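Work through the exercises below with the sequence and the model open. Each task is followed by a solution in steps.

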Amino acid sequence: MRRDYAFDAVIVGAGLVGASFALLLTKKEPNLRILVLESNKSISSGKTAAADSDIRGIALSRDSKNILQTAGIWAALEKSAAPIESIHVSDKGHPGMARFNRSPNDEDPLGYVVEGRLLSDSLRQNLTHKKIQIWYSTEITDTSIEKDQVRLTTSKTNTVIVAKLLVIADGLCSKIASKLGFWVKSKDLGQKAIVASVTLDRKHKGIAYERFTQSGVLAMLPLPTNMGQPKVSLVWTQPSEFALQLEQVTDVLFLDKLQTQFGYRSGIFTDVSARTSFALTTSFAEEMIRARVVLLGNVAHSLHPVAGQGLNLSLRDATRLAEAIASASNANRDFGSVSVLDKYRKDRLFEQHLIAEFTGNLPALFSSQNIVLKLGRNLGLCSLDFIPILREKFINFGINGRAF
Ligand SMILES: Cc1cc2nc3c(=O)[nH]c(=O)nc-3n(C[C@H](O)[C@H](O)[C@H](O)COP(=O)(O)OP(=O)(O)OC[C@H]3O[C@@H](n4cnc5c(N)ncnc54)[C@H](O)[C@@H]3O)c2cc1C
C-alpha cells in the first residue's frame, strides 16, 4: 500500500548546512513541519560512523558562532571549540606578513575552531530533539514540481512526500539538482587539500596561520587544548600529484616537508595523525532558486578552502532563508513562491559572488611568479599590517565574512 506524507519543507542532505538550516528554520517558525532526508548509509541519528569522521578543523566566524547559538547548539559545542586569538598571514620566501590580534576591548575572540565531526554530531543530535523528522538511508528517486507543491518519491518502498518547499542541500555534484536541470558552473582545480592534525612541542596560543607558498596554501588552525598535547588542524593544498605523494610518505618525512614549508613560527611538529584529502572543485550555481525549490550550501556555491569561508557563508545564507520563509509564513504568504525565494536570492547574491571571487583569486595571486604581483602582494601584506583601515576591511572579511 502506498503511504503519503505531507510536510511544509523537505531538506535533502543532513550535512553541516542542511542540518543547520533545519534547526534555524524550526527556531524561526516552530509550526512548520520539516523533513530532512539523508542518503549516506553510514550516517545515523546519534553517531558519526567512521566514514563520516571529518577531522577537519572548521574555522567559524563570530557571525557563525551567533548563528549556531540561535540554532541552539553553541552552548554544548563551545567546550570543544578553540578560540582564535590572532591570525597570521604570510607568503613563503617573501617578507610581507599580516597579523590580526584580538583587541583588549573585544568581548569575543576573532573566531573559533571546531572539529567537523563534532559539529556534525552536535547538529544531528539536536535534529532528533526538535519537531523535525529525519529519515536516514533515504534517497529521492523521483521529483515533480507542481504549481502548489513538490512531489517526491523516495527509495523507501511506496513512499510519496508532498511539500510546499524543497531545499536541496546535498553538497557538491548534487544528483537531484542536476536531475532537475539546475546549471551549476564548476571547475576542477587539479588540487587536493590534505587534512590532518599535527602535534606541537609548545602551546599554540590560539594563533591561526595562513601561509601562501608557490604550490599551494597551508592553514594551521588551533585545536582545543583539552586534547592533551597542543595540536593544530592542518589544511595543505597541493597539485593533486604532489598531494598523493604527501599522503603516502612516512609520518617523519611528512613532518619534515611540512616544517620546511611552514618554518618554525609555531615550534617543532612532533607528530601527525592519519591524513585524509579532499579533491578541490569550486562551483557556483547560475540558477539558485525556482518556484518551490532552493539550493543551499555546497550545491549553491563551493569555495576554495583558502580562507575558511564556505560554511560561514552558507550559515549566513541559511539564516536569511529561514527568516524569509518564517516572515512569509507569518504573513500567510506562500513561502515556496518565486517572489519570496527570489527576494532571498537577490539579498544574498552580492555577498556570495564577492566571497567566491575573493577566495577563488587568492591562491592564484600568491602562486604567481609575476614580479608586479609579487611586489604587490608583499606590499599588500605589509600594508595590511601597517594601515589600520585596510586591516579593518580584511579583518571584517575574515572574521565576519563581510566586505563592508
Ligand atoms: C579541506 C576543507 C576545509 C574547509 N574548512 C572550512 C572552514 O574552516 N570554515 C568554513 O566555513 N568552511 C570550510 N570548508 C567548507 C565547508 O566544509 C563546506 O562549506 C560545508 O561542509 C558544506 O556543507 P554542505 O552541507 O553544503 O555539504 P556536505 O557537507 O557535502 O553535505 C551534504 C550532505 O548531503 C548528503 N547527500 C548527498 N546526496 C544526497 C542525496 N541524494 N539524498 C540525500 N542526502 C544526500 C550527504 O551524505 C551529506 O551528508 C572547508 C572545506 C574543505 C574541503
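The shell around the ligand takes at least three residues from domain 1 (3–52 + 123–186 + 283–362) and at least three from domain 2 (76–115 + 189–280 + 368–400); the domain bounds come from an automatic or database domain assignment. The model is predicted, with local features requiring pLDDT of at least 70 and side-chain atom pairs pLDDT 80 or more, while totals for chains, interfaces and linings use all residues. Numbering starts from 1 along each chain as its sequence is written, and side-chain values use heavy atoms, without hydrogens and water.

**Exercise 1. The shell**

Task: State how many residues surround the ligand and which are the closest.

Solution. The shell holds 29 residues, the closest being Glu38, Arg56, Ala59, Asn298 and Leu311.
Step 1: sort them by class, with Ala, Val, Leu, Ile, Met, Phe, Trp, Tyr, Cys and Pro as nonpolar, Asp, Glu, Lys and Arg as charged, and the others, Gly among them, as polar. This gives 13 nonpolar, twelve polar and four charged residues.
Step 2: assign them to DSSP runs (helices, H or I, at least four residues; strands, E, at least two; numbered from the N terminus). Helix H1 (16–28), strand S3 (57–60), strand S12 (184–200) and helix H8 (310–330) supply at least two shell residues each.

**Exercise 2. Polar atoms at the ligand**

Task: Find which N or O atoms of Arg56, Asn298 and Asn312 lie by oxygen atoms of the ligand.

Solution. Step 1: take the side chain of Arg56, where an N or O atom is 2.7 Å from a ligand oxygen.
Step 1: turn to the backbone. A polar backbone atom of Asn298 is 2.8 Å from an oxygen atom of the ligand, and for a backbone N or O atom of Asn312 the distance is 2.9 Å.

**Exercise 3. Strand pairing**

Task: What is the strand order of the open three-stranded sheet that contains S3?

Solution. Step 1: call two strands paired if DSSP finds at least two bridges between them. The order is S3-S7-S4, with antiparallel pairing.
Step 1: identify the edges, S3 and strand S4 (82–84), each pairing on one side only.
Step 2: check one pair. S3 and strand S7 (residues 111–115) share four bridges, and Leu60 has Tyr112 in S7 as its bridge partner.

Note on methods. Near = heavy atom within 4 Å. Polar contact = N/O pair within 3.5 Å; in protein donor to acceptor, adjacent residues only side chain to side chain.
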